[in-house]
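Hi everyone, thanks for making time for this.

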Amino acid sequence: MKIGFVGLGAVVQTAYLPALAALAEDAEIWGFDPDLTLSGVNQAQSLEALLALPLDRLVIATPSLLHLPVLEQALASRIPLILVEKPVVASLAQHDRLQALLADPAVAGRVLALDHWMARTAVQRLLSGTLGADWQPLTGEARVRPATIQDVAEVEGFLLEPCGIDEQGHPFALNFATGEPDQRTFHHPDGVILDIGTHVLAMIRELLVALGGGDSLHLIAEGVCDRLGQPIVLGDLRTAEGRACLRGEAAGVPLTLWLDKYAGPGVEKKGLSLLLKDGRRLELLRSGNQAWLHHHENGVLQRWQLEGPLYRDCIAETLLAPLPAKGWQGTTARRLQEVGLLLELQQLLRGPH
Ligand SMILES: NC(=O)c1ccc[n+]([C@@H]2O[C@H](COP(=O)([O-])OP(=O)(O)OC[C@H]3O[C@@H](n4cnc5c(N)ncnc54)[C@H](O)[C@@H]3O)[C@@H](O)[C@H]2O)c1
């Protein structure tokens, strides 16, 4: 397989390349980045040169505001599947433009709006009796009763990231994969609502759809503040949100999302909690290269554990998988709907822009 990357930054280096080394040693990897070359990646001299190659897959991993312009150029090539990193677009104008482009089924069939968290499917697998053997039971073999969307009482998602504290006592971000200080300064639109809200929302929407839920989605934002705890004021188009709580419903199910990029040194909580009407609660939790699945019922806790890098499953199921018979249209439409809603929430806070 020949795979091209546009942008060779942190996510390519820490997520894609290690996964490809483990899963697809024979893959021929090409890339274009105006500022970077990487060993093991054949260097194209321009985006045009990259797009002229007979690639099987293209991954767009540039900063988010460039996803759409690069995608539009890539759609003019012959590449059969173009994967776009999250968030698929970064402004409402881009959202509307992409929605119009995807109205053409020939275009929609070639675009996968990718969020690595959408591959965190352990809860739906547990509830449908298809949990993979790679999930080790920690509390003995257990039979779990199935559930569908009618059985769901509420769902919560959380992405609380650890941070560092500088000499002035101010929090600073850490790299999502290495835990080293992240030297970048984040600005709008790369605040938590869009940048990490997409992850939790993608995971929860795929869960609800797998349980038979529809596409409805409504959210409001509460308690939004910046890295230093100051509220985001109307007219501020620069400061990134550092913390937010989003509340509403998805597929008719009450939904709350807790997002915090500066939760504190050593403070980390990433995953979801699904409450069923019969009182059972299922949790999917992740830290580093480990994930845990919890099933609580009548005070009895059953646990499973998975070892392995987060990105590997997603890359195996998307980038390296054959094109699904029905294409990726439904997935891409959900990601675009989520990003559109998150961008609207950002706009409500800041005013039109
Ligand atoms: N799914 C995930 O878990 C995850 C994690 C991190 C980042 N991401 C997404 O991946 C994308 C990249 O993030 P990152 O952390 O790697 O950022 P990064 O800043 O480390 O890398 C972006 C790279 O794009 C390059 N670039 C800029 N303009 C370009 C152009 N016109 N053509 C080609 N390359 C260009 C830059 O030189 C840089 O090397 C973002 O959209 C981000 O939201 C996803």
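**Hairpins, sheets and helix contacts**

Let's start with strand β15, residues 281-287, and strand β16, residues 290-297, which pair in the antiparallel sense over seven bridges. One thing to keep in mind throughout: this is a predicted model.

Now carry on along the chain. β16 is also joined to strand β17, residues 300-307, by eight bridges, and those two run antiparallel. Here alanine 291 stands opposite leucine 306 in β17. The hairpin of β16 and β17 again has two residues between the strands, and in this one asparagine 298 takes a positive phi near 50 degrees.

So what sheet do these strands sit in? They belong to an open sheet of nine strands with mixed pairing, in the order β7-β17-β16-β15-β14-β8-β13-β12-β11. At the edges you find β7 (136-137) and β11 (217-225), each with a single partner strand, so one side of each is left without a neighbour in the sheet. As a reminder, strands of a sheet pair through backbone hydrogen bonds, either parallel or antiparallel.

Let me stay at the β11 end. β11 pairs with strand β12, residues 243-250, in the antiparallel sense, over seven bridges. One bridge puts cysteine 225 together with arginine 243 in β12. Alanine 251 has a positive phi of about 50 degrees although it is not a glycine.

What lies across β11 and β12? That's helix α10, running at about 40 degrees to β11. And α10, residues 329-350, also packs with helix α8, residues 197-210, at an angle of about 135 degrees, with the axes 10 Å apart. That makes the two helices, α8 and α10, oblique to each other, and α8 passes α10 in a right-handed crossing. If you want to colour the contact, the α8 side is Gly197, Thr198, Leu201, Ala202, Arg205, Glu206 and Val209, and the α10 side is Arg334, Arg335, Gln337, Glu338, Val339 and Leu342. By class, the contact of α8 with α10 has five nonpolar, three polar and five charged residues.

Okay, over to the other sheet. This one is open too, with six strands in the order β3-β2-β1-β4-β5-β6 and parallel pairing. Its edges are β3 (42-43) and β6 (111-113), each with a single partner strand, so one side of each is left without a neighbour in the sheet. At the β3 end, strand β2 (residues 28-32) and β3 pair in the parallel sense over two bridges, and glycine 31 has glutamine 43 in β3 as its bridge partner.

How does the protein divide into domains? The domain assignment gives domain 1 as 2-114 and domain 2 as 118-317. Their C-alpha centres lie 25 Å apart, and the contact takes 18 residues from domain 1 and 16 residues from domain 2.

Helix α1 (residues 10-23) and helix α9 (residues 310-317) have axes that come within 9 Å and cross at roughly 70 degrees. With that angle, α1 and α9 count as roughly perpendicular to each other, and their crossing is right-handed. The residues touching are Ala15, Tyr16, Ala19, Leu20, Ala22 and Leu23 of α1, plus Tyr311, Arg312, Ile315 and Ala316 of α9. By class, the contact of α1 with α9 has nine nonpolar residues, no polar ones and one charged.

Last stop: the cis prolines. Where would you look for proline 87? In the loop between β5 (81-84) and α4 (92-102). The peptide bond from lysine 86 to proline 87 is cis, with omega near -15 degrees. Then there's proline 189, in the loop between β10 (171-172) and α7 (192-195). The bond from histidine 188 to proline 189 is cis as well, with omega near 10 degrees.

Note on methods. Residues are numbered from 1 along each chain as its sequence is written. This is a predicted model: local features need pLDDT of at least 70, side-chain atom pairs count only at pLDDT 80 or more; totals for chains, interfaces and linings use all residues. Side-chain values use heavy atoms; hydrogens and water are left out. Axes are lines fitted to C-alpha atoms, for helices over the stretch in contact, and angles run from 0 to 180 degrees between N-to-C directions. Helices (H or I, at least four residues) and strands (E, at least two) are DSSP runs, numbered from the N terminus. Angles under 35 degrees count as roughly parallel, over 145 as roughly antiparallel, 65 to 115 as roughly perpendicular and the rest as oblique. A crossing is left-handed if the near helix is turned anticlockwise from the far one by less than a right angle, and right-handed if clockwise. Contact means heavy atoms within 4.5 Å. Ala, Val, Leu, Ile, Met, Phe, Trp, Tyr, Cys and Pro count as nonpolar, Asp, Glu, Lys and Arg as charged, and the others, Gly among them, as polar. Two strands pair if DSSP finds at least two bridges between them. Domain bounds come from an automatic or database domain assignment.
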